[in-house]
Amino acid sequence: QENFKRYQLTKMEIGIVQFVLRGLSNKEIANNLHISEETVKKHIYNTFKKINVKNRAMLIHKLQNNPF
């Protein structure tokens, strides 16, 4: 997606955001990627900062409703 490039997300952040967009929990994302839940939280936090949002709902809204 163009938005991923627009916000300069890393490959890991993109992968995690794709799971977030599908509605998976942090624990489910961690299990899918074989990483700790804390690592998922860190990547999500970094993504929130890059995209300038405060929660998942805002993240989803911004990525789905702001095409490049």
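Lys41 is partly exposed, with a relative accessible area of 37%. Buried here means under 20% relative accessible area, exposed means over 50%, and partly exposed lies in between, with a 1.4 Å probe and protein chains only. Lys41 lies in helix H4. Helices (H or I, at least four residues) and strands (E, at least two) are DSSP runs, numbered from the N terminus. Between Lys41 and Asn26 the sequence separation is 15 residues, and the C-alpha to C-alpha distance is 6.9 Å.

This is a predicted model, in which local features need pLDDT of at least 70 and side-chain atom pairs count only at pLDDT 80 or more, while totals for chains, interfaces and linings use all residues. Residues are numbered from 1 along each chain as its sequence is written, and side-chain values use heavy atoms, with hydrogens and water left out.

**H3 against H4**

Helix H3 covers residues 26–33 and helix H4 covers residues 37–51. Their packing angle is about 110°, and their axes are 8 Å apart. Axes are lines fitted to C-alpha atoms, for helices over the stretch in contact; angles run from 0 to 180 degrees between N-to-C directions. H3 and H4 are therefore roughly perpendicular to each other. Angles under 35 degrees count as roughly parallel, over 145 as roughly antiparallel, 65 to 115 as roughly perpendicular, and the rest as oblique.

On the H3 side, Asn26, Lys27, Ile29 and Ala30 make the contact; on the H4 side, Glu37, Val40, Lys41 and Ile44 do. Contact means heavy atoms within 4.5 Å. The residues of this contact divide into 4 nonpolar, 1 polar and 3 charged. Ala, Val, Leu, Ile, Met, Phe, Trp, Tyr, Cys and Pro count as nonpolar, Asp, Glu, Lys and Arg as charged, and the others, Gly among them, as polar.

Ser36 sits in the loop between H3 and H4. With 38% relative accessibility, Ser36 counts as partly exposed. Ser36 and Asn26 are 10 residues apart in sequence and 9.1 Å apart in space, C-alpha to C-alpha.

**H2 and its partners**

Helix H2 spans 11–21. Its axis and that of H3 come within 10 Å and cross at roughly 130°. That makes H2 oblique to H3. The crossing of H2 and H3 is right-handed. A crossing is left-handed if the near helix is turned anticlockwise from the far one by less than a right angle, and right-handed if clockwise. H2 contributes Met12, Ile16, Phe19 and Val20 to the contact, and H3 contributes Ile29, Asn32 and Leu33. By class, the contact of H2 with H3 has 6 nonpolar, 1 polar and no charged residues.

H2 also packs on H4, at an angle of about 95° and with axes 10 Å apart. That makes H2 roughly perpendicular to H4. Met12, Glu13, Ile16, Val17 and Val20 of H2 meet Val40, His43, Ile44, Asn46, Thr47 and Lys50 of H4. This contact of H2 with H4 holds 6 nonpolar, 3 polar and 2 charged residues.

| Pair | Angle | Axis distance |
|---|---|---|
| H3 and H4 | about 110° | 8 Å |
| H2 and H3 | roughly 130° | within 10 Å |
| H2 and H4 | about 95° | 10 Å |

In H2, the buried residues are Glu13, Gly15, Ile16, Val17, Phe19 and Val20. Their cover includes helix H1 (2–6), H3, H4 and H5. Just after H2, Gly23 takes a positive phi of about 90°.

**Buried residues and the core**

His43 belongs to helix H4. It counts as buried, at 19% relative accessibility. Not counting residues up to four places away in sequence, His43 touches Met12, Glu13 and Ile16.

Phe4 is in helix H1. At 6% relative accessibility, Phe4 is buried. Leaving aside neighbours within four places in sequence, Phe4 contacts Leu9, Ile14, Val17, Gln18 and Leu63. Phe4 and Ile51 are 47 residues apart in sequence, yet 9.5 Å apart in space, C-alpha to C-alpha.

Ile51 touches Tyr7, Leu9, Leu59, Lys62 and Leu63, again not counting residues up to four places away in sequence. The largest nonpolar core has 17 residues, and those with the most contacts inside it are Ile29, Ile51, Leu59 and Leu63. A nonpolar core is a set of buried Ala, Val, Leu, Ile, Met, Phe, Trp, Tyr and Cys residues joined through side-chain atoms within 4.5 Å. H2, H3, H4 and helix H5 (56–65) each give two or more residues to this core.
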